[in-house]
Amino acid sequence: MQDSSRKSVEALLDVIFGVADEPSFRPGDHIRILSRSPIGPYRMPFYLRGKRGTIEAVIDPAAVDNDEGGYDQNAGPNLHHYRVAIPMTEIWPDYVGSPRDGLRIEIVEAWLARI
């Protein structure tokens, strides 16, 4: 039987935590937006959770985590934010517009996982 703490660690291996000085992602990196339901205010639309996209840009400088800011807890570490491009067909599989169409959104690093 596998140790439950090891299982927990293995489940997080694809999650990148944004407390480093350097951004964890670069333009062109493929990501998945995490699917989670934190308690309290959070700023990730439900329709984007679990969707895949590509990092278009790193937003400089690193800033306060938006979710923490909802609790006036701005004393924590600054996290990197990214402009993420999500194809419309990822959001709406039956989308019939141009394959170049997509959604651009700025997302804090704590919501992103590498794929």
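Buried means under 20% relative accessible area, exposed means over 50%, and partly exposed falls in between (1.4 Å probe, protein chains only). This is a predicted model, where local features need pLDDT of at least 70 and side-chain atom pairs count only at pLDDT 80 or more, while totals for chains, interfaces and linings use all residues. Residues are numbered from 1 along each chain as its sequence is written, and side-chain values use heavy atoms, leaving out hydrogens and water.

View 1. You'll find three helices and five strands here (DSSP runs, with helices being H or I of at least four residues and strands E of at least two, numbered from the N terminus). Of the 115 residues, 29% count as buried.

**View 2. Glu-90 meets Arg-52 in a salt bridge.** That term means a side-chain nitrogen of Lys or Arg within 4 Å of a carboxyl oxygen of Asp or Glu. The closest N and O atoms of Glu-90 and Arg-52 sit 3.0 Å apart. Glu-90 belongs to helix 3 and Arg-52 to strand 2 (residues 52-63), so this pair ties together parts 38 residues apart in sequence. Glu-90 is buried at 17% relative accessibility, whereas Arg-52 is partly exposed at 47%.

**View 3. Glu-56, Arg-83 and Arg-104 are linked in a salt-bridge network.** For Glu-56 and Arg-83, the closest N and O atoms are 3.1 Å apart. Glu-56 is in strand 2 and Arg-83 in strand 3, so the pair ties together parts 27 residues apart in sequence. Arg-104 also bridges to Glu-56, with closest N and O atoms 2.8 Å apart. Here strand 4 supplies Arg-104, 48 residues from Glu-56.
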